Amino acid sequence: MSEHTIKATGRNVEGKGASRRLRHSAQIPAIIYGGSAAPMPIQLDHEKIWIASQNEWFYSSILSLDVDGKVESVLLRDMQRHPFKQIIMHLDFQRVSANQAIKVAVPLHFLNQDTSPAGKAADVVVTHELNEVTVSCLPKDLPEFIEVDLAKLSLGDVIHLSEVKLPKGVEIPELKLGKEHDVAVVIARQGRVEIEEAATGEEAGDVPAAKAAKPDEEK
């Protein structure tokens with residue numbers, strides 16, 4: 001588990017009006033919930049959170065949320081953005097317990113695709129069917145990302161969910177639901193579409209030659 005600390009401040013005033021005032025002062029209203037403690041309204045600096053939100057770890061890591069000097073371990077569970085402005089409107093954080101398993105969507109990082117047999121072939125298209133996977137683990141075992149090595153990927157190969165190598169203590173709950181949930185993660189397909197040669201003659205739809213013009217009749 002990586003350490004990412006975010007500073008926050010508690011807030012006593014709630015409601016739409018208070019939230020609007022916070023946003024006008026470049027602050028983000030947020031809430032911490034879960035665990036045995038009561039929900040806690042907080043506020044965060046928009047600029048710092050905006051910068052943090054550009055990183056994968058912000059969405060898939062355990063965050064150390066420092067609220068007025070008291071640190072809580074949390075996961076980001078929801079982010080509300082403005083429809084067209086670069087503004088984060090609200091954040092929801094969930095408390096995590098060291099001894100309780102959590103479910104988190106973790107990004108997949110694909111390695112060695114360009115140097116694989118499929119990646120070096122001009123007529124092969126490699127598609128990533130999934131870019132993240134939901135895992136279950138204790139907070140201490142949560143990876144920021146999971147690597148998928150494509151070094152041996154060749155034309156026609158399919159890498160399924162069950163073939164993804166997981167870190168110790170991490171599992172994919174979906175695989176317990178049956179074989180139909182063992183979906184494709186990566187597929188190497190033939191990319192060039194063969195075009196049949198056009199048929200000749202009538203089958204090719206040739207246009208008949210125009211009739212020769214008649215010579216002028218002798219007077």
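Which residue in strand 5 is the bridge partner of Asp66? I looked this up as my opening entry, and the bridge partner of Asp66 in strand 5 is Val71.

**Entry 1. Basis of the model**

I note that this is a predicted model, in which local features need pLDDT of at least 70 and side-chain atom pairs count only at pLDDT 80 or more, while totals for chains, interfaces and linings use all residues. Residues are numbered from 1 along each chain as its sequence is written, and side-chain values use heavy atoms, with hydrogens and water left out.

**Entry 2. The chain as a whole**

I recorded four helices and twelve strands in the chain. Helices (H or I, at least four residues) and strands (E, at least two) are DSSP runs, numbered from the N terminus. Of the 219 residues in the chain, 35% are buried. For burial I used relative accessible area: buried is under 20%, exposed is over 50%, and partly exposed is in between (1.4 Å probe, protein chains only). The accessible surface comes to about 14,500 Å², and 50% of it belongs to carbon and sulfur atoms; the areas come from the Shrake-Rupley method with a 1.4 Å probe, and for residues only the protein chains shown count as cover. I then looked up contacts, meaning heavy atoms within 4.5 Å. Among contacts between residues at least 6 apart in sequence, 67% join residues at least 24 apart.

I followed strand 4 (residues 63–67) into strand 5 (residues 70–81), and the two pair in the antiparallel sense over five bridges. Two strands pair if DSSP finds at least two bridges between them. Strands 4 and 5 form a hairpin with two residues between them, and Asp68 in the turn has a positive phi of about 55°. Strand 5 is also joined to strand 6 (residues 88–95), by seven bridges and in the antiparallel sense. The hairpin of strand 5 and strand 6 has six residues between the strands. Arg81 has Ile88 in strand 6 as its bridge partner.

**Entry 3. Salt bridges**

How many salt bridges does a search of the whole structure find? The search finds five, a salt bridge being a side-chain nitrogen of Lys or Arg within 4 Å of a carboxyl oxygen of Asp or Glu.

Lys7 forms a salt bridge with Asp66, with the closest N and O atoms 3.2 Å apart. This pair links distant parts of the chain, Lys7 being in strand 1 (residues 5–10) and Asp66 in strand 4, 59 residues apart. Lys7 counts as exposed because its relative accessibility is 60%, whereas Asp66 is buried at 11%.

In the pair of Arg95 and Glu72, the closest N and O atoms are 2.7 Å apart. Arg95 lies in strand 6 and Glu72 in strand 5, 23 residues apart. Both residues of this pair are buried.

Arg189 forms a salt bridge with Glu129, the closest N and O atoms being 3.7 Å apart. Arg189 is in strand 12 and Glu129 in the loop between strand 8 and strand 9 (132–137), so the pair ties together parts that are 60 residues apart in sequence.

**Entry 4. The sheet with strand 12**

I found an open sheet of three strands in the order 8-12-11, with antiparallel pairing. Strand 8 (124–128) and strand 11 (158–160) stand at the edges; each has a single partner strand, so one side of each is left without a neighbour in the sheet. Five bridges join strand 8 to strand 12 (residues 184–190), and Thr127 has Ile187 in strand 12 as its bridge partner.

**Entry 5. Aromatic cluster**

I noted that Trp57, Phe58 and Tyr59 form one aromatic cluster. Rings of Phe, Tyr and Trp (its six-membered ring) pair if their centres lie within 6.5 Å; planes under 30 degrees apart count as stacked, over 60 as edge-to-face and the rest as tilted. The structure holds two aromatic pairs. Trp57 and Phe58 are edge-to-face, at 6.1 Å centre to centre and 80° between the planes. Phe58 and Tyr59 are also edge-to-face, at 5.5 Å and 85°. Phe58 counts as buried because its relative accessibility is 0%, while Tyr59 is partly exposed at 33%.

**Entry 6. Positive phi**

Most residues other than glycine have a negative phi. I recorded a phi near 65° for Ala26, which lies in the loop between helix 1 (16–24) and strand 2 (27–33). Asn112 has a positive phi of about 60°, in the loop between strand 7 (102–111) and helix 4 (117–120).
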